[in-house]
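Open the model in your viewer and keep the selection tool at hand. The stops below say what to pick and what is found there.

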Amino acid sequence: MRIDPVHITLRSGIEAILRSPDTSDAPSEFSFFTSVLAETDFLALSAGEKSLSVEDEEAFISSFAASPSSFMISYLISGEIAGNVSVTGMSNRKAGHRAELGIAVRSSCQSVGVGTALLEAALDTASSIGFRQVELGVCSGNDRAIRLYRRHGFSEAGRIPEAFALPDGSFQDEIIMIRRLC
């Protein structure tokens with residue numbers, strides 16, 4: 001599913017665009033995810049863990065564009081990707097009312113409203129598609145993300161103890177959060 005571009009103005013007055021990426025954006029999307037993976041230990045993958053390519057990113061973007069119930073939105077500032085959110089609908093009939101959300105924001109673009117704009121656009125679109133519930137998993141040490149999700153109505157539904165092994169040898173729980181849309 002493709003999302004029409006939306007032009008917004010940040011609190012700082014900078015113009016930004018929210019839109020679905022297309023396959024021509026694959027090199028930029030690939031570069032974005034490569035850099036974000038290197039910036040944080042809070043994503044499911046670690047930098048260099050999986051051999052991904054621009055072609056893999058093209059296929060990933062195409063799968064969202066072709067889906068009637070899944071979508072991806074990128075947040076662009078001055079033509080560069082500052083953040084990205086994806087919502088993937090469950091495909092089986094019994095769970096078709098549920099969707100899984102994943103979000104990433106470049107560290108240099110945090111605390112300026114990028115995550116909020118992406119999350120609000122994702123929740124609005126998920127609701128308009130007819131999903132009743134959006135779910136996500138977040139590393140227990142990612143306090144900034146947890147605060148963002150709670151501000152937008154997500155609540156903790158459970159935990160997976162020691163779900164993430166961090167590079168320093170420590171472990172953190174995965175917090176499963178949900179947001180009911182209706």
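Buried means a relative accessible area under 20%, exposed over 50%, and partly exposed in between, with a 1.4 Å probe and protein chains only. The model is a predicted one, in which local features need pLDDT of at least 70, side-chain atom pairs count only at pLDDT 80 or more, and totals for chains, interfaces and linings use all residues. Residues are numbered from 1 along each chain as its sequence is written, and side-chain values use heavy atoms, with hydrogens and water left out.

**Stop 1**

Select Glu135, which lies in strand β6; helices (H or I, at least four residues) and strands (E, at least two) are DSSP runs numbered from the N terminus. Glu135 counts as buried because its relative accessibility is 11%. A salt bridge here is a side-chain nitrogen of Lys or Arg within 4 Å of a carboxyl oxygen of Asp or Glu. Arg98 has 26% relative accessibility and so counts as partly exposed.

Now show what surrounds Glu135, taking contact as heavy atoms within 4.5 Å. With neighbours within four places in sequence left aside, Glu135 is in contact with Met90, Arg98, Ala99, Glu100, Leu101, Met177 and Ile178.

**Stop 2: Phe131**

Move to Phe131, in the loop between α3 (114–129) and β6 (133–139). Is Phe131 buried or exposed? Its relative accessibility is 4%, so Phe131 counts as buried. Residues touched by Phe131, not counting those up to four places away in sequence, include Ser69, Gly89, His97, Arg98, Ala126 and Leu181. For a distance check, pick the C-alpha atoms of Phe131 and Ala95: they are separated by 9.9 Å, and the two residues are 36 apart along the chain.

**Stop 3: the other salt bridges**

How many salt bridges does a search of the whole structure find? The search finds five. Select Asp25 and Arg19, a bridged pair with closest N and O atoms 2.8 Å apart. Asp25 is buried because its relative accessible area is 13%.

Next select Arg150 and Glu156, whose salt bridge has its closest N and O atoms 3.9 Å apart. Salt bridges with shared partners join Arg150, Glu156, Arg159 and Asp173 into one network. Arg150 is partly exposed, at a relative accessible area of 48%, and Glu156 is also partly exposed, at 35%.

**Stop 4: two positive phi angles**

Select Ser78, in the loop between β3 (71–77) and β4 (80–89). Ser78 is not a glycine, yet its phi is positive, at about 50°. With 68% relative accessibility, Ser78 counts as exposed.

Then go to Glu162 in strand β7 (residues 155–165). Phi of Glu162 is positive and near 50°, in a residue other than glycine. Glu162 is exposed, with a relative accessible area of 54%.

**Stop 5: Arg151**

Finish at Arg151, in helix α4 (residues 143–151). At 58% relative accessibility, Arg151 counts as exposed.
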